[in-house]
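Good morning, everyone. Please look at the model on the screen while I go through a few of its features.

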Amino acid sequence: MEIIKLSTDILIIGGGTAGCQAAIHAKELNSDLDVTVLEKAGIKRSGCLAAGVNAINAYLTEGETPESYVDFVKKESHGLIREDLTLSIGQRLNLMSEKLESYGLVFLKDKKGNYVARGKRSVKINGENIKPIMAEKTQDSGARILNKIIATNYIVEDGRVSGAYAISLDLEKFYVIKAKAVICTTGGAAGIYKPNNPVEARHKMWYSPFNTGDGLAMGIRAGAEMTSFEMRFIALRTKDTISPTGTIAQGLKVGQINAKNEKYMVNYENKSTPMRLYATIVENLEGRGPCYLDTRGATEDQVEELKKAYLNMSPSIILKWNDEKIDISKEPVEICGSEPYIVGGHGQAGYWIDNSRKTTVDGLYAAGDVCGGSPKKYVTGCMAEAEIAVEAAIEYINSSENHKAVDEKTVAEEINRITAPLQNSDKLFSPQEIEEKLQKIMDEYAGGISQAYRVNEEKLLKAKRLLTYLDKDLCKVGASTPLEVLKYNEVINRILIAKALIEHLLYRKETRWKCYQERVDYPFLDNKNWFKFVNSVYEKDSDSIKIIEREVKKVI
Ligand SMILES: Cc1cc2nc3c(=O)[nH]c(=O)nc-3n(C[C@H](O)[C@H](O)[C@H](O)COP(=O)(O)OP(=O)(O)OC[C@H]3O[C@@H](n4cnc5c(N)ncnc54)[C@H](O)[C@@H]3O)c2cc1C
């Protein structure tokens, strides 16, 4: 394996939405800066935007303000959010949309030239090519882009992050990248829970299956504080194709019905995003499923528009309707919940950061889905966060010193850690088998789909015990191909995230976010005792996760 040593001013790990915008903004602010983007796939089609999107879901339409955006996010999250983070995102949302338009993204406009709204905080775009557009702008910015290189760990010296280790997909090259500041933009974590679809179709999931939580696990190992893992995000989707339901609900302005043709949302306390999911789960549990979006009666033009919207980001649903000769103007579209994810862009699980997007570890900043505390930030919120992080990172590097080179022994240790299964001739388990074991444990004992997302203390303790055994099985994993080695590293990261998640779920003794965090043994919202953040830090010496409580601060 060839060892490549690089040094850079700002290292951005993850070339998705936030990563690309971070690179573009850094070079915009100072073209002399040496900026490196490390991306495990290829930035042209990586991360959440790989397949495209058809709306910018965080945009302040006429009459909306950053403060009203904070109010909305608070309402959807039972009040418990980081108002400071959400407000700073709100202040930049529309600027980010304008920037996307200037990069070449097509926004639909009305006769007056205003963006066409899809609700109060969403505007329509032709977004199939949003990622190639962002990638081209990143390429043109002059940043160094390392595609098909996977970050494996931060370089930590004297309690400070000073770069990262990374490996090429073919395992031919190992990178030691020293940086004056590091920004983590690796997105959230998929694949912790058993997915909806089996075997070959298991990657047909809501979140990007390639966002395996690497940046979160790297942060946990480096001792960074994490927040709100217990607020998992579960998407309400069309059955099997896992396509967005909002496209139909907002596009056709139709509601949810159960198998008895009843508009069941009237029986639930509100129509918030989590409640629409929760209601669907309850209707199924109580024998009134399947549930649907009632598309019956849609006009030919409406169906045509809907198909165009799906072709912008989820073409598989169009293929299904075509293959199965489904006419949605005559039969409703079935909906279901996805498996849970750890994600800070829709939910609020991730790094605990300050308002400048600095993590609790010196030298390390974070932006986008990998950060917690500010849900519902979506594309433009992730971009806003990236800009804030870059501005702080630049200020930091101006005052920081150059770091010493990493010693050979430390480099060798990291290479041995990530390639360990290649030395294992027994090969008792494959990485895939460990992944499936993890997902089964999490599904059955930590509130997966099979448990209607509910948890209780006894099951969580069992999950915790089973994860300890699974951890021990890791040394029995063998690998003979680069892909298996990479999958082994992904599953190590997922297990660590799962362990932290269990501690968070165990700690919050109330039900704050039904489905996302629902304790059957503590079924009520308890603002008196639990209106606070549950955070965690990994303690290396005891190999355990310590929980920390943080209070909620109001800024508006
Ligand atoms: C299916 C889906 C539909 C959505 N639809 C909309 C919508 O219509 N409108 C809207 O506004 N928002 C939408 N969102 C939300 C929005 O897309 C995300 O919030 C946002 O794109 C996340 O940006 P990010 O940069 O944090 O993560 P990503 O864009 O996912 O980027 C993370 C990047 O990190 C890379 N990476 C991961 N691990 C490593 C590693 N170890 N080393 C190197 N690189 C690594 C990944 O390959 C990826 O490129 C949607 C999200 C999903 C999942």
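Predicted model: local features only at pLDDT ≥ 70, side-chain atom pairs only at ≥ 80, totals over all residues.

Helix α1 has 13 residues, and 11 of them are buried, so the helix is largely enclosed by the rest of the structure. Which residues of α1 are buried? They are T17, A18, G19, C20, Q21, A22, A23, I24, H25, A26 and K27. The elements that cover these buried residues include the strands β1 (2-13) and β2 (35-38), together with the helices α4 (93-103), α5 (130-141) and α11 (378-399).

Let us turn to a pair of strands. Strand β7 covers residues 149-157, and eight of its nine residues are buried, so β7 too is largely enclosed by the rest of the structure. Its partner is strand β8, residues 160-168; the two run in the antiparallel sense and are joined over seven bridges. In one of these contacts, V156 has V161 in β8 as its bridge partner. The hairpin of β7 and β8 has two residues between the strands, and D158 takes a positive phi near 50° there.

Next, the aromatic rings. A pair of aromatic rings is described by the distance of the centres and the angle of the planes. How many aromatic pairs are there? The count comes to 14 aromatic pairs. Y165 and F174 form a stacked pair, with 5.9 Å from centre to centre and 25° between the planes. Both Y165 and F174 are buried. Elsewhere, ring pairs link W206, Y207, F233, Y341 and Y516 into a cluster.

Charged side chains also sit over rings. R121 lies over the face of F72, at 3.5 Å from the ring centre. The charged end of K509 is placed over the ring of Y507, 5.9 Å from its centre.

Finally, the cysteines. A disulfide is a covalent bond between the sulfur atoms of two cysteines. This structure holds zero disulfides. Why is C371 in no disulfide? The nearest cysteine sulfur, that of C184, is 7.7 Å away, whereas a disulfide is counted for sulfur atoms within 2.5 Å. Is C371 buried or exposed? C371 counts as buried because its relative accessibility is 0%. C475, by contrast, counts as exposed because its relative accessibility is 61%.

Methods:
Residues numbered from 1 in each chain as written. Heavy atoms only, no water. Phe/Tyr/Trp six-rings, centres within 6.5 Å; stacked < 30°, edge-to-face > 60°. Buried < 20%, exposed > 50% of the residue type's maximum accessible area, 1.4 Å probe, protein only. Lys NZ or Arg CZ within 6 Å of the ring centre and 35° of its normal. Helix = DSSP H or I, 4+ residues; strand = E, 2+ residues; numbered from the N terminus. Pairing = 2+ DSSP bridges. Contact = heavy atoms within 4.5 Å.
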